[in-house]
Amino acid sequence: MEQLLQVENLKTYFKLIDGTVKAVDGVSFSVNHGEALGIAGETGSGKSVTVKSIMRNMPSYAEITADKLTLEGIDLLKLSNKELQDIWGKKIAMIFQNPTSFINPLFTIEKQMTDVICFHEKIKKAEAVKIARNMLVLVGMPDPDAVLKSYPFQLSGGMIQRIMIALSLSCNPSLLIADEPTTALDVTIQAQIIKLLGDIKTHTSGLILITHNLAIITEICDKVAIMYAGKMMEWGGVNQVMKEPAHPYTQGLLAAIPRLSNESKKLEFIPGNIPSTVDPPKGCRFSPRCPYAKPVCTQEEPPMVEIAPSHFVACHCAGEGGCR
Ligand SMILES: Nc1ncnc2c1ncn2[C@@H]1O[C@H](COP(=O)(O)OP(=O)(O)OP(=O)(O)O)[C@@H](O)[C@H]1O
Ligand SMILES: [Mg+2]
């Protein structure tokens, strides 16, 4: 399959007075055309910084470097600010956790959607209205004509998130990034938006979905990447990683999913906390919490190895029959 996005050795450092936050520290993965990649990991593991770095949507004090960061062959690190404006929305679009912060309360939905469509597609307003309406239909919006004439305060949170998804799809982006798109919504609306993301993933060439919910990743995505303290711990096909997780961190995350069938009724969790990315532990960053840590784990950083076709793991035990 042809590669859509290639990320090799991506590093994003924030140089602050107290030290350098190595929020993303040498992450590599790829998304092929037609694929959906899910990114999971505990809070602060660098998921949002990874995707915002891909978009180059970072504060000026962020230092982003990579051996390779390309989308459809375009070197994203070489783009000027003007070129980035053209890429955002048109080639890469992003849906955020809290949609209401990204919508202007003072303008109608029609104005906000058509402004974006006209900017990228260089078409007349009437044509842009048609596209906006079609997109609202695509995302299952009831009464799209009334919604176009509405102001954001007249709509629910779930409707606004649907509008954000419609808006992000309106310029046919090659890559759609959804960063915890359902966290701010109530449970029934969450299920609707997840179903919608599954339905619309065929309308873009690629999807990156960030969520803490591994069940959602299993449902929607083809590949999964597990991040921890700025590093990629494991990535590969969803079936491989979910059925045969090779990294103790992935195993811990999967064991921590509450199950009704759990007879002991004991909630599993990974003891300890995610370490500081200013002064991370030596060797494997997960070693202080790893039940299988060996002396080498606290001394040497494990390389990322391919333990099965397209299944990569950064663990000293990988390839040796797993951790024991
Ligand atoms: N603008 C910033 N300036 C300084 N540090 C930052 C900035 N943005 C993120 N960080 C730090 O980078 C690290 C990774 O943050 P990130 O937002 O990517 O985590 P995350 O995995 O998305 O977590 P969550 O699941 O809570 O959304 C954190 O330690 C965070 O404090
Ligand atoms: Mg985040």
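**View 1. Aromatic pairs: 6 of them turn up in this structure.** Keep in mind that this is a predicted model. One of the pairs is F14 with Y61, a tilted one, with 5.8 Å from centre to centre and 55° between the planes. It brings together distant parts of the chain: F14 belongs to strand β1 (residues 3-16), while Y61 sits in the loop between α1 (47-55) and β4 (62-65), 47 residues apart. F14 is buried, at a relative accessible area of 12%, whereas Y61 comes out as partly exposed at 47%.

**View 2. Y228 meets F286 edge-to-face.** The ring centres are 5.2 Å apart and the planes make an angle of 85°, so this pair is edge-to-face. Y228 is part of strand β10 (residues 223-228) and F286 is in the loop between α10 (248-255) and β12, so the contact ties together parts 58 residues apart in sequence. Both Y228 and F286 are buried. Look for Y249 here too: ring pairs link Y228, Y249 and F286 into a cluster.

**View 3. An open sheet built from 8 strands.** Going across, the order is β7-β8-β9-β3-β10-β11-β13-β12, and the pairing is mixed. The edges belong to β7 (92-95) and β12 (305-308); each has a single partner strand, so one side of each has no neighbour in the sheet. From one strand to the next, the twist averages 20°.

**View 4. Strands β3 and β9, paired in the parallel sense.** β3 covers residues 35-40 and β9 covers residues 206-210, with 5 bridges between them.

**View 5. Helix α6 lying across β7 and β8.** The helix spans residues 157-169, and β8 spans 175-179. Relative to β7, α6 runs at about 175°.

**View 6. Helix α4 and its buried side.** This helix takes in residues 125-138, 14 residues in all, and reaches 20 Å from its first C-alpha to its last, close to the 20 Å expected at 1.5 Å a residue. Its buried residues are A128, A132, M135 and L136. They cover an arc of only 100° around the axis, which puts them on the same side of α4. The buried residues of α4 pack against α3 (109-121), α5 (144-148) and α6. On the face turned away from that buried side you'll find the exposed residues A126 and K130. After α4 comes G140, with a positive phi near 75°.

Key
Residues numbered from 1 in each chain as written. Chains lettered and ligands numbered in written order. Predicted model: local features only at pLDDT ≥ 70, side-chain atom pairs only at ≥ 80, totals over all residues. Heavy atoms only, no water. Pairing = 2+ DSSP bridges. Helix = DSSP H or I, 4+ residues; strand = E, 2+ residues; numbered from the N terminus. Axes fitted to C-alpha atoms, helices over the stretch in contact; angles between N-to-C directions. Contact = heavy atoms within 4.5 Å. Expected span 1.5 Å × (residues − 1). Buried < 20%, exposed > 50% of the residue type's maximum accessible area, 1.4 Å probe, protein only. Arc of directions from axis to C-beta. Phe/Tyr/Trp six-rings, centres within 6.5 Å; stacked < 30°, edge-to-face > 60°.
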